Amino acid sequence: MNAVPALATAPLEILHEVFGYPAFRGAQQAIVERVVAGGDALVLMPTGGGKSLCYQVPAIQRHRAGRGVTVVVSPLIALMHDQVGALDELGVPAAFLNSSLDGEEARRVERDLLSGRLVMLYAAPERLLTPRFLAMLDSLSERGLLSLFAIDEAHCVSQWGHDFREDYLGLSALHERYPQVPRVALTATADAHTRADIVERLALEGAELFVSSFDRPNIRYTIAEKTDPKAQLLRFLRDEHEDDAGIVYCQSRRKVEETANWLVAEGISALPYHAGLDGDVRRRHQDRFLREEGLVMVATIAFGMGIDKPDVRFVAHLDLPKNIEGYYQETGRAGRDGLPADAWMAYGLADVVNQRRMIDEGEAAEEFKRLQRGKLDALLALAEAHDCRRVRLLHYFGEQSAPCGNCDNCLHPPATWDATEAARKALSCIYRFRQHGDTGFGSGHLIDVLRGKVTDKTRQHGHEKLSTFGIGAEVSEAQWRGVLRQLIALGHVQAEGEWNTLALSDSARAVLKGEVRLQLRVPSEARRGSKTTRRSTGGTERPPPLPLDNEALGRFAALKAWRGEVAREHNLPAYVVFHDATLAEMARSQPHTLEALGGISGVGSKKLEAYGREILRVLGA
Ligand code: ADP
Ligand code: ZN
């Protein structure tokens, strides 16, 4: 390989030659330059922003300059195989060390590591501080062959984050032992709190901070009112994402299983994933999701960190996440390839009640609960918003922006109505229930009373005689649900006990006095999501990422079939061989020479050498 240190290669040259990309994106260049020069960096970039290149290009550059190996710390053992496979396809010597290797494989990797041949070594954090591993790092360090530490998913070091890993705390010891080795820490989740935590715990005070915009312009946000969630999900999948790969998040394991079974019965290829499944089953399902096309993964939040499948076309939430950080990270798994993708959520009264209850009944200390409540409130405000969702999301992460034109509220501005009077009626009815000597009732009964509907229950409790009976007949049931949801979301009403009976909280007084105005969106049960944006390409095939004429479509299909064979042979996901966008560009421009082929974005020198002739043959050149 590069036994003799060559003259330093410019990072841009490496980007062209190895990755086949024409230019750096956003802050990549500045980050790469900082790290190449031996400085520390803390990189905050949204999912799909291109974090990997920020350490891979410096790793290659520094290895070529004779500085040895970059150690990549990653908590994602299950994905290391594919990450190293992707580097292998690019012709970059890399390996991983984790518990999935047998003794002989591990010893081979260790030999390669000590020889200085490897450009990158991926390792799980628990491995790093073992005496055996440290002895190897010592040996490399003494010979000047320990080039860089890249700490991926750096938020795992923070107890505030949702992915805290005890082992990450040990990473500061590495720095103490090898203070001369530069470090780059990367994450897609870090509010100000988590960010400060990362800096402190990893002793990154001297690191340059690179914060990219968190906007993901290709993701369309939609938050629908939950009426019949299964039917709504099915309509969303059938109308807008037929044969697309995507993730459906549910809160509980049981709901994951139920939903996956139900989708399969409806003829949709779906798999369940949650922490209660056997490790083997989980691995198998994850592999299938990464390797096959058009699978729907129904999962709890146990699924997703580090999943770098670029063509996830949608992320759907059937339950409300805990906070905006979670929502943003989960939805961020859609559309890493930059092509249009959907983040869709169905949200209803029960979600608000459940999330509040989970916090209230949790074991956490009161201070932590207060923090959680605040975070939930921010998410509820987003869900209830009638203005641009993206503006609110970005604002939460400290960014100012203008209405985006690519969220449900921008595309179909919702009508609003003044619900101040209705809210007062609801509150006084809840108050009357209690006055009437009853303990309290749930939302269904309350709405019946407000709308003046006679039922067994109204008769049984004599509620037809209440002064509030029928005072809200002109407001629809869906609107009433919206009012209650909002009142609970704002904390004016609490749902208590096993039956979610409603009770006023202290702040209800201000609403009753008319001091709080409520402007709500008019529920739009009939309104479907943005009508099909997809063209049919004839069969069940998904449309290509570029408009292609019929002949080019044929070439695209042939290239995909060829890619599928290579991927199977190499035991890698197809996108590791080439992205759809790269194949589509090949099909469109139909290059006749290796040189022309090499000019296409995503075709680096190694892939050109390995596959160029084959591709020209498939293209009939
Ligand atoms: P992250 O880790 O930040 O989620 P990745 O490193 O997986 O993002 O990059 C997302 C996608 O963007 C990948 O498919 C990657 O190949 C592509 N990409 C990153 N940087 C560039 C670039 N400068 N030019 C073209 N494609 C890029
Ligand atoms: Zn918008």
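What is the relative accessible area of A203, and does that value make A203 buried, partly exposed or exposed? In this predicted model, A203 has a relative accessible area of 30% and is therefore partly exposed, because the partly exposed class lies between the buried limit of under 20% and the exposed limit of over 50%.

## Overall architecture

The chain contains 27 helices and 17 strands. Its C-alpha trace spans about 95 × 60 × 45 Å along the principal axes. The radius of gyration is 28 Å, which agrees with the value near 25 Å that a compact globule of 621 residues would have.

Of the 621 residues in the chain, 53% are buried.

## The surroundings of ligand 1

Ligand 1 is surrounded by 15 residues, and the closest of them are Y21, G48, S52, R336 and H579. By residue class, this shell divides into five nonpolar, seven polar and three charged residues. Helix α3, which covers residues 51–64, gives the most to the shell, with three residues.

Polar contacts to ligand 1 involve both backbone and side-chain atoms of the protein. A backbone N or O atom of G48 lies 2.5 Å from an oxygen atom of ligand 1. A backbone N or O atom of A23 is placed 2.9 Å from a nitrogen atom of the ligand. From R25, a polar side-chain atom lies 3.2 Å from an oxygen atom of ligand 1. Taken alone, ligand 1 exposes 560 Å², of which the protein buries 85%.

## Two loop residues with positive phi

Most residues other than glycine have a negative phi. A203 has a positive phi, near 50°, and is not a glycine. Its place is in the loop between helix α9 (192–201) and strand β7 (208–211).

Q590 also has a positive phi, of about 40°, although it is not a glycine. This residue is found in the loop between helices α25 (580–589) and α26 (594–598). With a relative accessible area of 24%, Q590 is partly exposed, because this value is not under the 20% limit for buried residues and not over the 50% limit for exposed ones.

When residues up to four places away in sequence are not counted, K453 touches D448, T458 and F469. The C-alpha atoms of K453 and E464 are separated by 8.7 Å, and these two residues are 11 residues apart along the chain.

T420 belongs to helix α18, which covers residues 420–435. At 5% relative accessibility, T420 counts as buried, because the limit for that class is under 20%. Leaving aside residues up to four places away in sequence, T420 touches V516, R517 and L518.

Terms used: Residues numbered from 1 in each chain as written. Chains lettered and ligands numbered in written order. Predicted model: local features only at pLDDT ≥ 70, side-chain atom pairs only at ≥ 80, totals over all residues. Heavy atoms only, no water. Near = heavy atom within 4 Å. Polar contact = N/O pair within 3.5 Å; in protein donor to acceptor, adjacent residues only side chain to side chain. Areas by Shrake-Rupley, 256 points an atom, 1.4 Å probe, with all protein chains shown as cover. Helix = DSSP H or I, 4+ residues; strand = E, 2+ residues; numbered from the N terminus. Nonpolar A, V, L, I, M, F, W, Y, C, P; charged D, E, K, R; others polar. Contact = heavy atoms within 4.5 Å. Rg over C-alpha atoms; globule rule 2.2 N^0.38 Å. Buried < 20%, exposed > 50% of the residue type's maximum accessible area, 1.4 Å probe, protein only.
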